[in-house]
Each structure stands twice: as C-alpha cells, then as structure tokens.
Amino acid sequence: PTVGDLVLEVDRVRKEFGGLVAVNDISFRLRAGEIMGLIGPNGAGKSTTFNLISGVAPLSGGAVRFMGDRIDGLPAREIARRGLARSFQHVQLLPDMSVLENVALGAHLRSGSGVVSAALRLDRTAEAALLREAARQIERVGLGDVLDQPAGSLPLGRQRIVEIARALCCDPIALLLDEPAAGLRYQEKQALAAVLDQLRREGMSLLLVEHDMDFVMNLTDHLLVMDFGTMLAEGVPADIQRNPAVLEAYLGG
Ligand code: ADP
Ligand code: MG
C-alpha cells in the first residue's frame, strides 16, 4: 500500500464475556503511513480489541477487514501471514538466547509450522534465510551492535525493540503494539518513539495501545479513547488532550 491507503477497517466490533461487554461496537480505520493510538483506563477494552483484530479471540459481532478482505474468523497465524503483525503486553523473549536467535525463532514460529519443526526440521538453506531476515530487521531497528548478546542482558527498552524486530520479520504492512512503552525510562521511551516514527516514515501502519498519555501525544497522528468498552472520543492528540470527557475518565478513574 502507499501512504494514505486504507489498510485496516474495524467495523462495529463487539466482545462479550458472559454478561460483560468488554468491547461495545467499536469502529475505526487505519491508513498506511499512520500511527494511531488506542488509549483508555485499565479495563477499558484495549487489549481485547487487539485480540479481536489479531485473531487471538473470536468476535461476538462486527467485522474486521485488512487490505480489503475480511479477516475476522481467520486463525491468528494466517492474519500475521497476510501482513498484520502484533506484539504482546509482556515481553516474551527467551533471555538466554541471543537477540538474533530470538528474532529468528519468533519469525519462524509465526511464519512456519510450529515449535517442533522450528527446532528439528529446518534445513540449512531455510535456516540461513531466516537468520539473514532476522539480522536485516535487527539492523533496521538499530540493534545491530547487540545481535549476539543474550536478549535477557539488554535493558528493558532495548528488549522491547527486539520484540518489534521480531514482529517486523517478513515485512508486515501493519503492526499492533500493546503498551510498548510500559515500564520504560524516559530515554528508553524516546528511543522507542524514534524507531516507531522511522517505521511510519517507511510507510507502515501502526496501532499502539498505550496507558501513557505523554508517549502517545507526541508520536501519534490520531487517537482513539476507550472507556468501559465504548469509544469515548477520537481525534488529533491536541484535541484529545483537552477533551473534558477524556480528562474525567483518566483523572476520575
Ligand atoms: P485494557 O487492555 O483496556 O486494560 P482489557 O481488554 O484487558 O482492558 O479488558 C476489558 C474488560 O474485559 C475488563 O473488564 C476485563 O476484566 C475483561 N476481560 C478481558 N479478558 C477477559 C477474559 N478472557 N474473560 C473475561 N473477562 C475478560
Ligand atoms: Mg491491556
């Protein structure tokens, strides 16, 4: 897609857990070259919305379209294969393995056929290609200098960027990140924001779930605010920042 093209369309998406409506008919559109932020208090339904889009949990209603095609109902792996990648809220790296191995393994698990074949059945050529692709993505996010270090030896901020490199393998069209800045120090947030900004300039689409308002204010083009499963507000960050309903949800919640 070229910048401005419609990439992801979330259309009245709904999720019920028993009697609880965790996501209540949420709609939005994400375009190529755009960073959108999804914010809201704890329990607002942000992670659930991500899970619905990425195929981790089935929808109770609505539709998700990616590059013009319905993707709701498809397995998570197929959605990733089509170019919609995601990270999870908690770091999922293997601490004793190198950065390169972590990225290569993660890429293989997403693209390929499971853990056993990852460990046993990958032939030399396929393995070399996978390592080349992993190294390329690690360079892309500026971590070429720590490629051979154990992932667990890196500060948390750099571990988060390793996770992003892993999600970037096979060049996804869009990337969903769940609270990438959580627990990071100020300088680490700045470094992370620089990587995400670079990806945007490369034409990718990003959707960030964030609790940290300051982080999304400077980085995103458009903000969605959820509260109690519904869309409380949406717009450019400057407007959201002074929206009374948003301030109330954050300060009152
Ligand atoms: P957020 O990411 O905005 O903090 P979540 O999407 O994790 O919020 O949760 C939204 C609501 O749905 C919360 O009330 C949460 O307790 C509930 N919820 C999330 N996942 C499940 C689940 N698997 N089963 C039951 N309730 C859930
Ligand atoms: Mg969450």
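Guide: Let us begin with strands: helices (H or I, at least four residues) and strands (E, at least two) are DSSP runs, numbered from the N terminus. Two strands pair if DSSP finds at least two bridges between them. In this predicted model, local features need pLDDT of at least 70 and side-chain atom pairs count only at pLDDT 80 or more, while totals for chains, interfaces and linings use all residues. Residues are numbered from 1 along each chain as its sequence is written, with chains lettered from A and ligands numbered from 1 in the order in which they are written.

Visitor: Which residue in strand 5 is the bridge partner of R65?

Guide: The bridge partner of R65 is R70. Strand 4 (residues 61–66) and strand 5 pair in the antiparallel sense, over 2 bridges.

Visitor: What is the order of the strands in the open sheet?

Guide: In general, strands of a sheet pair through backbone hydrogen bonds, either parallel or antiparallel. Here the open sheet has 4 strands in the order 2-1-4-5, and the pairing is antiparallel. Strand 2 (20–31) and strand 5 (69–70) are the edge strands, each pairing on one side only.

Visitor: Which residues are around ligand 1?

Guide: A residue is near a molecule if its C-beta atom, placed from the backbone, lies within 6 Å of it. Around ligand 1 one finds F17, L20, A22, G40, N42, G43, A44, G45, K46, S47 and T48. Strand 2 and helix 1 (46–53) are the elements that give two or more residues to this shell. Helix 1 gives the most, with 3 residues.

Visitor: How do the residues of the shell around ligand 1 divide by class?

Guide: Ala, Val, Leu, Ile, Met, Phe, Trp, Tyr, Cys and Pro count as nonpolar, Asp, Glu, Lys and Arg as charged, and the others, Gly among them, as polar. The shell around ligand 1 has 4 nonpolar, 6 polar and 1 charged residues.

Visitor: What is the secondary structure of the chain?

Guide: The chain has 10 helices and 10 strands. Its radius of gyration is 18 Å, close to the 18 Å that the globule rule gives for 253 residues, so the chain is as compact as a globular protein of that length. That radius is taken over C-alpha atoms, and the rule is 2.2 Å times the number of residues to the power 0.38.

Visitor: What is the domain assignment of the chain?

Guide: Domain bounds come from an automatic or database domain assignment. This assignment gives domain 1 (1–73 + 175–185 + 210–253) and domain 2 (84–171). The C-alpha centres of domain 1 and domain 2 lie 26 Å apart.

Visitor: How many residues of domain 1 are in contact with domain 2?

Guide: Two residues are in contact if their C-beta atoms, placed from the backbone, lie within 7 Å. By this criterion, 13 residues of domain 1 are in contact with 10 residues of domain 2. Helix 1 and strand 7 (174–178) are the elements that give two or more residues to the side of domain 1 that touches domain 2. Strand 7 gives the most to that side, with 4 residues.

Visitor: Is C170 buried, exposed or partly exposed?

Guide: A residue is buried if 20 or more other C-beta atoms, placed from the backbone, lie within 10 Å of its own, exposed if 12 or fewer, and partly exposed in between. C170 has 15 other C-beta atoms within 10 Å, and is therefore partly exposed. C170 lies in the loop between helix 6 (156–168) and strand 7, and has a positive phi of about 70 degrees although it is not a glycine.
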